[in-house]
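Here are my notes for you to read with the model open. Take the points in order and find each residue as you go.

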Amino acid sequence: MTKLKGLVVLLTGASRGLGPLVAEAVGRRGATLALTARSAAGLEATAGRLREIGVEVSTFPADLCVQAERENLVAGVLRTCGRIDALLNNAGLESEGAFAELPWPSVAENLETNLVAPMALTHLVLPGMLERGSGHIVNVASIAAKSGAPYAAAYSGAKAGLAEWARALRLELRGTGVRFSTIFPGYVRDVGMFARFGMEPPFLVGTCGPEQVAEAVVNAMEKGRAERIVNGRPLRYAFALSELSPSLGDWLMRFSGVVDFQRRKVGK
């Protein structure tokens with residue numbers, strides 16, 4: 001079991017949504033936090049709350065869609081903290097709507113935020129981790145990566161790509177001391193992208209609490225878990241059936257009410 005106390009953890013998307021809760025869960029285990037997001041004010045609000053409970057924290061505002069800012073972010077964290085022991089790719093962006101009707105810049109920003117930025121940041125921090133023989137990359141994906149959600153096609157594709165990229169590197173770098181974990185939250189209550197709609201999801205799918213996601217991140221870091229599905233209903237078997245029979249998986253998505261629910265979310 002890995003102790004988080006004293007580890008330097010870079011967390012993206014730390015200004016809102018799941019970010020502050022993940023930051024608190026990791027910080028309470030004794031980690032030193034480097035927080036990043038676009039909003040400097042949002043970062044300082046998160047950092048202020050963490051400092052009140054004794055967490056050592058620094059903030060680094062950055063637009064993760066810009067490679068130069070990603071490079072400056074990592075360089076700044078290394079100057080300030082000396083190293084990066086863990087990278088938590090939590091920042092996310094959801095562009096919902098009928099795919100053919102979405103403006104391409106919206107799709108491109110979605111892919112850049114959800115897939116390219118985590119890859120680029122990992123590419124920047126990985127050499128140091130490999131040199132030390134230790135490190136951990138944790139990616140917050142989505143159950144949409146396991147079973148694509150209609151009217152969230154770009155988001156589903158990006159998160160699925162994120163998950164399989166992490167799996168590939170987990171196999172590629174086995175034995176190096178660098179670990180990879182992927183968290184798959186379902187519809188998250190109270191905060192984040194889903195909560196803003198104020199809608200009840202289908203009963204067969206259910207929801208999860210943001211605290212559950214934060215604890216799953218900590219659990220993955222401490223125990224080295226490769227994947228964690230976080231949801232109010234046991235969906236792992238449904239995902240397995242979908243892999244065995246894609247047509248059955250499509251039927252399950254319709255039967256469960258997910259397709260109609262996603263359609264209603266975007267007003268279709």
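Which residues does Ser 95 touch, not counting residues up to four places away in sequence? Try to find them before you read point 2.

1. Some ground rules. This is a predicted model, where local features need pLDDT of at least 70, side-chain atom pairs count only at pLDDT 80 or more, and totals for chains, interfaces and linings use all residues. Residues are numbered from 1 along each chain as its sequence is written, and side-chain values use heavy atoms, with hydrogens and water left out.

2. Back to Ser 95. Its contacts (heavy atoms within 4.5 Å) are Leu 102, Ser 106, Asn 110 and Tyr 151, leaving aside residues up to four places away in sequence. You'll find Ser 95 in the loop between strand 4 (86–89) and helix 4 (104–132). Helices (H or I, at least four residues) and strands (E, at least two) are DSSP runs, numbered from the N terminus. With a relative accessible area of 8%, Ser 95 is buried. Here buried means under 20% relative accessible area, exposed over 50%, and partly exposed in between, using a 1.4 Å probe and protein chains only.

3. The Ser 95 side chain makes a polar contact with the side chain of Ser 106 at 3.2 Å, and another with the side chain of Asn 110 at 3.5 Å. A polar contact is a pair of N or O atoms within 3.5 Å; within protein, one must be able to donate a hydrogen and the other to accept it, and residues adjacent in sequence count only if both atoms are side-chain atoms.

4. Now the salt bridges. Side chains of opposite charge can pair when their charged atoms come close. The rule here is a side-chain nitrogen of Lys or Arg within 4 Å of a carboxyl oxygen of Asp or Glu, and the count comes to 13. One of them joins Glu 109 and Arg 38 (3.2 Å, N to O). That pair links distant parts of the chain, 71 residues apart: Glu 109 is in helix 4, and Arg 38 is in the loop between strand 2 (32–36) and helix 2 (40–52).

5. Glu 96 and Lys 265 also form a salt bridge, at 2.9 Å from N to O. Glu 96 is in the loop between strand 4 and helix 4 while Lys 265 is in helix 9, so the pair ties together parts 169 residues apart in sequence. Glu 96 counts as buried at 15% relative accessibility, and Lys 265 counts as buried at 9%. Elsewhere, salt bridges that share partners join Lys 146, Glu 164, Arg 167 and Glu 227 into one network.

6. How many aromatic pairs does a search of the whole structure find? It finds 2. Rings of Phe, Tyr and Trp (its six-membered ring) pair if their centres lie within 6.5 Å; planes under 30 degrees apart count as stacked, over 60 as edge-to-face and the rest as tilted. Tyr 187 and Phe 261 have ring centres 5.3 Å apart and planes at 80°, so they are edge-to-face. Tyr 187 is in strand 7 (residues 187–188) and Phe 261 in helix 9 (residues 258–265), 74 residues apart. Both Tyr 187 and Phe 261 are buried.

7. Trp 251 and Phe 255 have ring centres 4.9 Å apart and planes at 10°, so that pair is stacked. Trp 251 is partly exposed at 41% relative accessibility, and Phe 255 is exposed at 55%.
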